[in-house]
Number of protein chains: 2
Amino acid sequence: MTISPQQLLETLSWRYATKKFDPAKPISPTEWAALETSLVLTPSSFGLQPWKFLVVENPDLRAQLRAASWNQPQVTDASHFVVLTARTTLSTEDITEWISCLAATQGIPTENLAPYQNIVEGFIQPLSADARHAWNNRQTYIALGQLMTSAALLGIDTCPMEGIDPAAYDRILGLENSGYATTVACALGHRAADDKYATQPKARYTADRVISHLR
Amino acid sequence: MTISPQQLLETLSWRYATKKFDPAKPISPTEWAALETSLVLTPSSFGLQPWKFLVVENPDLRAQLRAASWNQPQVTDASHFVVLTARTTLSTEDITEWISCLAATQGIPTENLAPYQNIVEGFIQPLSADARHAWNNRQTYIALGQLMTSAALLGIDTCPMEGIDPAAYDRILGLENSGYATTVACALGHRAADDKYATQPKARYTADRVISHLR
């Protein structure tokens, strides 16, 4: 079931932020279903999953989002386009909902998880409203990372998009006062044969620059 | 080189937040080297890589970090322990350093990238000091997501750790006034045969709850 370290590195080296997608090469339904499941299975702190993922299929919405994304063509040309949104708060109700889901999955009474619920509440309660939203925002980046890596393993290209206007996205997607707000987006599909970025050497700081071993 | 959707889902379902590692089962050097490279290759906004990853090998430091992590045994018992830190600021110097690296990789004069540098500066400049740190913090979660997914593909267990005292981590690791601060940590190794969490059913909200299709 596992892959080799070599295969992992080939996959991670193969991926790049695709700027030009081939609109004629869609992601197959089976592949897309797996990528949606990779979003669902994303780990999160305490398991709280403080997010919703919007798969934007409607062409008019895609065109509006493109206008709110510095007119980057990935928004309309990629096979699939996901807007990752985070819960704007993290309330006792959110925690209670999650504890109920956890208890149901494990087939135990909710009361058995009261000690765990207290730990989570104790962690959340000192946080300001802004800190809760920021915390949820960070969680969605785990989903972004898992999504991009998962896609690369299937041979699917991605472009993570932070150069977007989140407030405009919220308006276009009807998220205002919904309890969720746009964090980041990701286009997915297959690179166009002439995307010049595909052949550029991958630019990264050296390992010495970004990794330290404390011995 | 790619894997099947089925294999991806088996891998993502296999992983869980490992609470009890087997100290007698280290990660092999070849596997670890690949995981370090997966950190180096992590995508980031504009490619800025506003992070350092600390691989804590020193047992005394691991013991001190465990004390700053609610005494969770993963910190000392896992084969490897990584502290993901984010740059506390994002300055013109940071951007200039990155543009130089990019130009060198592409073998072009730095001046050719002036238009790109202006775009990046234009994006960063309106951000407050806190917003820059928060932005960098979010980027490190992409690394966390890619690291956990990469490890699972190699058959290596992980435990992401947010239940830590970041300020204490910064003191223990000598990060104060370094320009970097602790964001999150990740223990990696192999699950103990008796980790009871390994056999619990995976608890997640349903796809209907977290994914919406805008048609």
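Student: What makes up the secondary structure of chain A?
Tutor: In this predicted model, chain A has nine helices and five strands. A run counts as a helix with at least four residues and as a strand with at least two. From the N terminus on, the order is α-α-β-α-α-β-α-α-α-β-α-β-α-β.

Student: How do you know that β1 and β2 of chain A pair?
Tutor: Pairing needs at least two bridges between two strands. Strand β1 (residues 51-56) and strand β2 (residues 80-87) of chain A have five bridges, in the antiparallel sense, so they meet the definition. Lys52(A), for instance, stands opposite Thr85(A) in β2(A).

Student: Which strands form the open sheet, and in what order?
Tutor: The order of the five strands is β3(A)-β4(A)-β2(A)-β1(A)-β5(B), with mixed pairing.

Student: Why are β3 of chain A and β5 of chain B called edge strands?
Tutor: Each of them pairs on one side only. In this sheet, neighbouring strands are turned by 25 degrees against each other on average, direction ignored.

Student: What does helix α2 of chain A touch on the sheet?
Tutor: Helix α2 (residues 29-40) of chain A packs on the sheet and touches β1, β2 and β4 (180-189) of chain A, together with β5 of chain B.

Student: Why are the two copies said to be related as by a two-fold rotation axis?
Tutor: A rotation of 180 degrees superposes chain A on chain B, with 0.0 Å of shift along the axis and an RMSD of 0.0 Å. The two copies are therefore related as by a two-fold rotation axis.

Student: How do you know that the copies meet through the same surface?
Tutor: Of the interface residues of chain A, 100% are also interface residues in chain B, so the surface is the same in both copies.

Student: What share of chain A is buried?
Tutor: Buried residues make up 43% of its 215 residues. To count as buried, a residue needs 20 or more other C-beta atoms within 10 Å of its own.

Student: Which residues touch the most other members of the largest nonpolar core?
Tutor: That core has 95 residues, and the ones touching the most other members are Leu84(A), Cys186(A), Leu84(B) and Cys186(B). Beyond its neighbours within four places in sequence, Cys186(B) has contacts that include Val82(B), Leu84(B), Leu144(B) and Met161(B). A second, separate core has seven residues, among them Phe46(B) and Ile95(B).

Methods:
Residues numbered from 1 in each chain as written. Chains lettered and ligands numbered in written order. Predicted model: local features only at pLDDT ≥ 70, side-chain atom pairs only at ≥ 80, totals over all residues. Least-squares fit on C-alpha atoms with pLDDT ≥ 70 in both. Contact = placed C-beta atoms within 7 Å. Buried ≥ 20, exposed ≤ 12 C-beta atoms within 10 Å, placed from the backbone. Axes fitted to C-alpha atoms, helices over the stretch in contact; angles between N-to-C directions. Core = buried A, V, L, I, M, F, W, Y, C linked by C-beta atoms within 7 Å.
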